[in-house]
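Subject: Structure handover

Hello,

Here is the structure for you to look at.

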Amino acid sequence: MVSTFTLLILGIMISFGNITSNLYAAEPPLDPAGLATDKSNNVFVADAANFRIVKFTNTGTFIKSWGGVGLGNGQFNVPIAVAIDSSGNVFVADQANNRIQKFTNTGTFIRKWGFTGTGDGQFKNPYGVAVDSSGNVFVADRGNDRIQKFTNTGTFIRKWTYTSGLPIDPVGIATDKSGSVLVADAANDRIIKFGGAGTFMRSWGGLGSGNGQFDFPLGVGTDSSGNVFVADKDNNRIQKFSNTGTFIRKWGTPGTGNGQFQGPWGVAVDSSGNVFVADRVADRIQKFTNTGTFITKWGSVGTLSISSNTQKSDPFS
């Protein structure tokens with residue numbers, strides 16, 4: 001489709017309505033909450049405050065975006081999390097609309113399900129979404145203190161909760177290669193691992209800044225070896241664990257430098273083991289090796305959408 005209106009700024013063509021380059025004209029900062037990767041290692045970002053999903057290459061080059069604020073199909077009201085199935089379909093936790101939306105890999109709307117409530121298939125602030133290798137969809141239904149499981153087309157399968165002291169506070173959610181479900185239990189400062197049918201397997205964590213402790217963990221991701229990566233938000237770091245919760249390593253300190261964080265929210269791992277972090281307060285994505293070595297970053301602080309290791313004169317840097 002050809003845009004009906006274009007503007008030439010500093011010799012760069014910008015299309016309104018359809019963005020035809022990787023440059024954003026007068027856009028607000030990226031607000032990266034959840035993120036996910038597809039089988040081609042593209043990176044999808046839930047740009048929450050801007051009511052859209054943004055798709056980038058593995059190195060941060062802008063590909064496309066879709067959304068807009070509203071209740072219509074393909075519109076969002078705080079899209080907070082995103083997940084990709086093995087066919088490349090995109091699932092979005094549309095938090096304030098209390099629903100899940102499903103799209104093709106290029107952003108074409110397919111279906112939606114859910115509305116406000118406590119019944120099966122209803123939601124109260126869904127904060128996380130994940131898809132297992134069989135295509136089942138898991139939703140962190142935070143306001144209802146539970147996890148819900150659906151078929152790939154949105155048919156309700158089951159639900160579960162977990163109480164050990166305090167009710168579960170499910171925010172981030174991920175699946176591993178065996179079909180287990182990992183939940184970032186934010187207010188309880190722990191990770192909980194369930195079987196695919198909701199059976200409790202183990203948990204680890206506790207409030208603190210030591211190895212294996214957390215201070216409001218928001219995001220969780222897994223790699224092809226089953227290792228678990230946690231966005232430890234208020235400790236401003238990423239922690240890596242074995243699939244059974246054994247601490248392996250950590251990286252990150254508070255700040256805006258390479259490898260530093262300001263409120264890391266989401267974490268995802270591509271098929272090559274690269275780790276992507278939604279460094280939300282810093283308005284950027286950071287990319288690392290599987291062991292935490294900084295690779296690159298991109299984000300928004302102005303008008304451009306460019307992946308680089310330069311300072312913030314470029315907005316997606």
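**Sheet and pocket**

Ala 268 has Phe 276 in E26 as its bridge partner. This is a predicted model, in which local features need pLDDT of at least 70 and side-chain atom pairs pLDDT 80 or more, while totals for chains, interfaces and linings use all residues. Residues are numbered from 1 along each chain as its sequence is written, and side-chain values use heavy atoms, without hydrogens and water.

Strands (E) are DSSP runs of at least two residues, numbered from the N terminus. They count as paired if DSSP finds at least two bridges between them.

E25 (residues 264-269) and E26 (residues 275-279) run antiparallel, joined by five bridges. Five residues lie between them in the hairpin, where Gly 273 has a positive phi near 90°. Six of the six residues of E25 are buried, meaning under 20% relative accessible area with a 1.4 Å probe, protein chains only.

On E27 (residues 284-288), Lys 287 stands opposite Phe 276. E26 and E27 are also antiparallel, over five bridges.

The open sheet has four strands in the order E25-E26-E27-E28. E25 and E28 (294-299) are at the edges with a single partner strand each, so one side of each has no neighbour in the sheet.

The largest pocket holds about 940 Å³ of space. Of its 43 lining residues, those closest to the centre include Thr 37 and Val 269. E25 is among the elements that give two or more residues to this lining.

Regards

Technical notes:
Buried means under 20% relative accessible area, exposed over 50%, partly exposed in between (1.4 Å probe, protein chains only). On a 1 Å grid over the protein atoms alone, a cavity is a set of points where a 1.4 Å probe fits but cannot get out, and a pocket is an open set with protein on both sides within 12 Å along at least five of seven lines; lining residues have an atom within 4 Å of a point. Grid points are joined across faces, edges and corners, and a volume is the space filled by probe spheres set on the points.
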